[in-house]
Amino acid sequence: MSHPSGTTAARGDEYLQRAYALAGSSEAQSLQQLKGYASPRRCVETVINNISSTQMSSDKLKILDAGCGTGLVGDCLAQSSLAGKFVLDGVDLSDGMLAVARKKGMCRELETANLNERIEKPDGTYAVVVCVGTLTKGHVGPKVLVEFARLTVKSGLVVVRVHDDVWESGGFKAEIERLRDVGTVEIVSTAEFGIIEETSAGGRMVVLRKI
Ligand SMILES: C[S@@+](CC[C@H](N)C(=O)[O-])C[C@H]1O[C@@H](n2cnc3c(N)ncnc32)[C@H](O)[C@@H]1O
């Protein structure tokens with residue numbers, strides 16, 4: 001679906017189209033110049049608002065950024081109240097994106113992975129799995145939520161941003177409800193939120209707690 005130019009959705013689309021068209025790390029760096037992209041910051045705020053005191057009182061919070069791109073979630077984490085209290089790993093399909101993220105030195109592990117396939121990490125590795133800007137327009141299907149839940153420790157969080165274009169038609173809403181119905185997760189929230197600063201629409205910020 002395309003959106004009228006100048007609208008919030010069109011600005012979100014501009015970011016996504018540029019992200020998916022990346023050919024190398026210099027382009028990935030220039031992507032960061034696109035101002036007003038709010039999803040990583042809002043995702044980190046959502047994690048902070050939903051993390052339990054039990055999780056915070058244990059060792060450093062182990063976080064996986066799935067579809068990490070150039071590492072904008074890591075940047076936001078480092079500027080948040082979680083600074084110094086987390087260990088961050090990232091996976092992404094694009095070596096160009098990963099190269100930029102690697103230069104920042106923010107992540108413990110950065111690996112190439114296709115989110116439409118099994119992610120080669122043990123069950124329950126992470127306290128939190130986040131995914132921002134990647135669940136959109138059919139690039140990654142809703143079955144990835146099963147993998148995110150598998151990788152998350154009991155009582156841990158899955159925090160994913162799902163673009164409006166695929167929320168229902170792409171099967172994400174149905175898959176989240178199925179995971180709840182089979183007792184894999186509790187749905188904490190699926191609030192609408194703004195992908196671009198100063199807006200409140202464009203996607204869902206989904207918060208799931210692993211049962
Ligand atoms: C719009 S960018 C978002 C990057 C970052 N999370 C952010 O918010 O800035 C989408 C990312 O999803 C990655 N991606 C797309 N399809 C993927 C797949 N099948 N498996 C893993 N990563 C994928 C792209 O390489 C790109 O880095």
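At 56% relative accessibility, D123 counts as exposed, which is a handy place to start with this predicted model. Its salt-bridge partner is R150, with 2.6 Å from N to O.

**Salt bridges**

How many salt bridges are there? The count comes to 15. Some of them share partners, and in this way R41, R42, E45 and E197 are joined into one network.

| Pair | N to O distance | Where the two residues are |
|---|---|---|
| D75 and K104 | 2.8 Å | helix α5 and helix α6 |
| E111 and K121 | 2.7 Å | strand β3 and the loop between β3 and β4 |

Take D75 and K104, whose side chains meet in a salt bridge. D75 lies in α5 (residues 72-78) and K104 in α6 (residues 95-104), so the bridge ties together parts that are 29 residues apart in sequence. Buried or exposed, where does D75 fall? With a relative accessible area of 17%, D75 is buried, whereas K104 is partly exposed at 27%.

Then there's E111 with K121, another salt bridge. This one links distant parts of the chain, ten residues apart: E111 is in strand β3 (residues 109-112) and K121 in the loop that leads on to β4 (126-135). K121 counts as buried, with a relative accessibility of 8%, and E111 counts as partly exposed at 33%.

**The sheet**

E111 also takes us into the sheet, as it is the bridge partner of V91 in β3. Strand β2 (residues 86-92) and β3 run parallel and are joined by four bridges. In general, strands of a sheet pair through backbone hydrogen bonds, either parallel or antiparallel.

What is the order of the strands in the open sheet? Seven strands line up as β3-β2-β1-β4-β5-β7-β6, with mixed pairing. β3 and β6 stand at the edges with a single partner strand each, so one side of each has no neighbour in the sheet. On average, neighbouring strands are turned by 15 degrees against each other, direction ignored.

**Over at β6**

S189 is found in β6, which spans residues 185-194, and at 26% relative accessibility S189 counts as partly exposed. Which residues is S189 in contact with, leaving aside its neighbours within four places in sequence? They are M205, V206 and V207. For V207, the C-alpha to C-alpha distance to S189 is 5.2 Å, although the two are 18 residues apart in sequence.

Conventions
Residues numbered from 1 in each chain as written. Predicted model: local features only at pLDDT ≥ 70, side-chain atom pairs only at ≥ 80, totals over all residues. Heavy atoms only, no water. Salt bridge = Lys/Arg side-chain N within 4 Å of Asp/Glu carboxyl O. Buried < 20%, exposed > 50% of the residue type's maximum accessible area, 1.4 Å probe, protein only. Contact = heavy atoms within 4.5 Å. Pairing = 2+ DSSP bridges. Axes fitted to C-alpha atoms, helices over the stretch in contact; angles between N-to-C directions.
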